[in-house]
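Hi everyone, thanks for coming. Let's walk through a structure together, one piece at a time.

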Amino acid sequence: MRYVIIGNSTAAIGAVEGIREIDKQGEIIIISDEVYEAYSRPLISYYLSGKIIEKNIYYRDKNFYVQNGVALHTGQSNVQINPETKIVWIEPGSEQIHYDKLLIATGGKPVVPDFLNGGYDNVFLFHSFDDVKKIDDFLKKAGKRQNVAIIGGGLVGLKAAESMFFRGQDVAVVEAGDCLLNSILDLKAGNIVENYLKRRGISIFIQNIVEEKEGEDKLERLILSDGTILECDMVIAAAGIKPNYAWLNLKNLKVDKGILVDEYLQTSIDGIYAAGDVAQAYEIISGEKKVVPILPNAYIQGRIAGANMAGENVRYRGSIAFNSIPLLGLNIVTAGLSNCDDRDSEIIEEFRGEFNYKKFILKDDVLVGTVLIGDIYRCGIYRYLIEKKIKITDFKQSILSPEISWRLLGRAEAGFKGGTY
Amino acid sequence: MGINLVMQEYEVLRNEAKCIGCKICVNQCANNVHRWDEDWQMIISDDKYCVNCHRCVVFCPTGALSIRKNANDFTFNANWENRHIKNIYRQAQSGGVLLTGMGNDRPYPVYWDKMVLNASQVTNPSIDPLREPIELKVFLGRKSALNEKDEVFKDDIFPWLELDLPVMFSAMSFGSVSLNVHKALARAAETMGTYWNAGEGGVHADLKKSMNHTIVQVASGRFGVNPAMLKEAAAVEIKIGQGAKPGIGGHLPGEKVGQEVADTRMIPVGSDAISPAPHHDIYSIEDLKQLIFAIKEATDYKKPVAVKVAAVHNIAAIASGIARAGADIIVIDGFRGGTGAAPQAIRDNVGIPIEFALAAVDQRLREEGIRNEVSIVVAGSIRNSSDIVKAVALGADAVYIGTAALIALGCHMCQKCYTGKCNWGIATQDPKLVKRLNPEIGARKLVNLLTAWQHEIKEMLGGMGINAIESLRGNRLMLRGIGLNKKELEILGIKAAGE
Amino acid sequence: MKKVYVIEDFCIGCGTCMVYCAAAHSEYPKDLLKAFKLSSLKPVPRLFIEEEEGNSYSLMCRHCDEPLCVYSCISGAMFKDNRTGVVKVDKERCVGCFTCVIACPYGFIREGSENGRSLPLKCDLCKDSFDMPQCVEHCPNEALRYGEE
Ligand SMILES: Cc1cc2nc3c(=O)[nH]c(=O)nc-3n(C[C@H](O)[C@H](O)[C@H](O)COP(=O)(O)OP(=O)(O)OC[C@H]3O[C@@H](n4cnc5c(N)ncnc54)[C@H](O)[C@@H]3O)c2cc1C
């Protein structure tokens, strides 16, 4: 048995661990365009802010690859695949590698707004270890406090803002939508986060896009929709990511937003699986296939895909989005359709102080989303209720109780033993 | 309302240097003495609700709590003791009968403590129980025919209770005590080869499997009595009286009659369970005989029938009548016997000490030549193994323990059983409080207690050179009195120390 | 694997388990008074007492066979010890993002901090300092059992 995995991040590691649960012998080959052993992508901001040392960015122990019998090929960005003959070439013209099962775990690719495409040497992405190393070098060379403009007020943008703030820079965030983190927060919650960040000294420009720009080799000045002129020494692009599959170019591969996979995480091509940010798999709340680009999902999909590649028949039960994002000490957790406020949903919410907010979104007495800011005590229970679509009619009233209990909320599903994912 | 003149009985002392604010005291006190105060950000204790049950003291993980008697005494007056003044305040406030729980707490003489045991020296050897067997088994029940003319019993072997040691658990009804108490008693009785008495109120369905170690009661309220229960039980006890409240009936308030109690007692949920003072069908020894034989009929003459009476002035004559009425066992409950609820005036002033009652009954039955037709079981504050040995030497076949068993289960003798808020999960039906008594732990403690007593009894017997408890029964020569007057010695039938 | 189980009939919700749990994970694991009086941080219990309809239950991490907290950990700090089965946090690697807190279906992981760093707090069966989980050791009503299921 030979397994080939393309991409070397969360989903890939999940797959290795999934395979090794079943098959201790088979050969595993990982091909990655990055030059590092698998590192934790979300930790790049922690690295940049100086909260962790380089050693701790790695997702697994030093000897992970050796222990798991994985041959790792790094720095390879030209993989080619022939699904008919089940052959992979690490680079064009290299030795043919026959695979039995193949996993595509190439994640997402940052979306770069057009106006930043001009070869500016002070424009950075915020997606990879190399990206933050470049930023780090730039900061070190600059020596003085920099004006940093961050394009995008989503999760990545704010994590970038936070790390730059921790590095003592002057940070401004430009967001086109009507609030920060608008893929997971509604206006109310978004405003809380905005106020908090502003209070801490980060400038925020909501409902703004860059209308004009100035500068030659360097982007020096951005003019926003509301007329604000942003002087900038650095610009970080954090305008979203998209599933990274365009390079594949396989004619029988069914794709939509991402690579479509079935309930066993196999693509439309026999023997080829996909997992993680690149894959579009079953999502529980909508009942449809969606790209849910979060790390837990990447790991779990990778793990299940791995097990199935090794011959198991593990069904993927679907995911929901959930996030926990501490920003400058403010805890923000969300799960499900946390930014949903359509008319047929019921909202239960509570403010307990300026930066302490709880919100529950229900449809027909089923919890479909939640946002907790500040106090996140036992929030896992809510995530579970959403994921299991448990009707909470009986105890809707107590959902805001500070003494939230698993017994009370989880009893709807008797006999839950935990952890079959 | 005016001011309440009743002062707090106890003071809660909290050592703030040790208090960690964990609030265990708060959640353990069913009397709401302790509470967390948001303004003070500390635990405040309201002394006036404290009943000195020590639940908080025992549960405090850092030992920060202690309870003291309130030091505020009235001006000394040997006649108008504190308690009299306080009781008057209470009754002037409430207009009601003063209730209390557990046994008579007045400083009457305890005659067990005025009797000492003998031991062998030189001329007759003592026995080492670690080297030689010492038999503690006793059989309760009639040992000879009722009389020669009685056809029914002529050739029969009489039903007996076989006890591996001469101690049983006395009657405490489900209702007065929690189901978990019953479970603990039943398990311990089974393990130790003895019996527990379910009291008036039947046996909960969960305990059906222990019926062969259960004595059931037929009392004036007849609660829970049915033919099946009588047949399954090891023995049946007719309860005429109780040492703590002779002449008084029982009253289980409706609040304590939840579903389980109601099912077991066979009465509606929430109804008061009133046991009348007398059995309305018993006005004579003949009437008693009828009931005894009605029960014997119902149990095919296979179960011993006991009759329990309180120790009162004419106890010897009463016992003689009971024996002649056909009882297999006479149970005498002394005036220090416990209770779940009794009027304080009765508990503290009615009845006689068990030591006298026992001595008088044993003596009388011997004189009348009917001692072997009936077994004598005594109850009412048997506190330790030496009390048991002394009771047997005075003539008892076995003893019942009630209070001692409850203490083993955690009772701290606060005497507030009647409130239903027992913090130790014993005298309560509140499910939250009942849980506090884990019957497995309870049974283990009871077994330990009886095992320890068993060893001690053997040591004492061995010391006297006696190798079977049966040989000690009524052997009053093994007792001597200390500090007793002539009349007391005469009633007890023992010599003074030194004689 | 050996875990802590609550015997529901006998959990009286007194909180003794909480006190000893908090102390066991404090700067003075073996001295209750010091743990609460001298620790620079308030000791935090890893278990939860839940009450429902008059019943109470002491509950803590199930050390799941498929631990969602481990699968969800963004740094790789949360792991299931192969030998003991205990789900643990490698404090050095943890960045305190609390994704585990929202991942755990039971809500059995607390958000907390140590020396100013955010850290998730969870039951580790007291493996670091004791042979027996302290909640079990000190349960006054023997309502907690440490053993196989
Ligand atoms: C700054 C930041 C913060 C984040 N924070 C969080 C968070 O707090 N919580 C959370 O749940 N998620 C977070 N995420 C998202 C999370 O990182 C992703 O969901 C997760 O990394 C997805 O894993 P993956 O294995 O699917 O893909 P990726 O991590 O995107 O890895 C794909 C890998 O494949 C490689 N690759 C791509 N194309 C090729 C090719 N053709 N040949 C070879 N190799 C290729 C890529 O270089 C990369 O190494 C964050 C992301 C970022 C960028």
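Before we start, one term: a polar contact is a pair of N or O atoms within 3.5 Å, and within protein one of them must be able to donate a hydrogen and the other to accept it. Please also keep in mind that this is a predicted model.

With that term in hand, look at B:Thr214. Its side chain and that of B:Trp196 are joined by a polar contact of 2.8 Å. The side chain of B:Thr214 also reaches a backbone oxygen, the one of B:Ser210, at 2.8 Å. Where does B:Thr214 sit? You'll find B:Thr214 in strand S11 of chain B, residues 214-218. Is B:Thr214 buried or exposed? Buried means under 20% relative accessible area, and B:Thr214 has 0%, so B:Thr214 is buried. Leaving aside residues up to four places away in sequence, B:Thr214 touches several others, including B:Tyr195, B:Val203 and B:Ala233.

Now, on to a pair of helices. Two packed helices are described by the angle between their axes and the distance between the axes. In chain B, the axes of helix H8 (residues 315-324) and helix H10 (residues 354-367) come within 8 Å and cross at roughly 50°. H8(B) and H10(B) are therefore oblique to each other, and their crossing is right-handed. Among the residues making the contact are B:Ile315 and B:Ser320 of H8(B), and B:Val361 and B:Arg364 of H10(B). The residues of this contact divide into nine nonpolar, one polar and one charged.

Finally, the chains. Chains A and B, however, have no contact joining them, and their closest C-alpha atoms lie 16 Å apart.

Methods:
Residues numbered from 1 in each chain as written. Chains lettered and ligands numbered in written order. Predicted model: local features only at pLDDT ≥ 70, side-chain atom pairs only at ≥ 80, totals over all residues. Heavy atoms only, no water. Axes fitted to C-alpha atoms, helices over the stretch in contact; angles between N-to-C directions. Helix = DSSP H or I, 4+ residues; strand = E, 2+ residues; numbered from the N terminus. Parallel < 35°, antiparallel > 145°, perpendicular 65-115°, else oblique. Left-handed = near helix turned anticlockwise from the far one by under 90°. Contact = heavy atoms within 4.5 Å. Nonpolar A, V, L, I, M, F, W, Y, C, P; charged D, E, K, R; others polar. Buried < 20%, exposed > 50% of the residue type's maximum accessible area, 1.4 Å probe, protein only.
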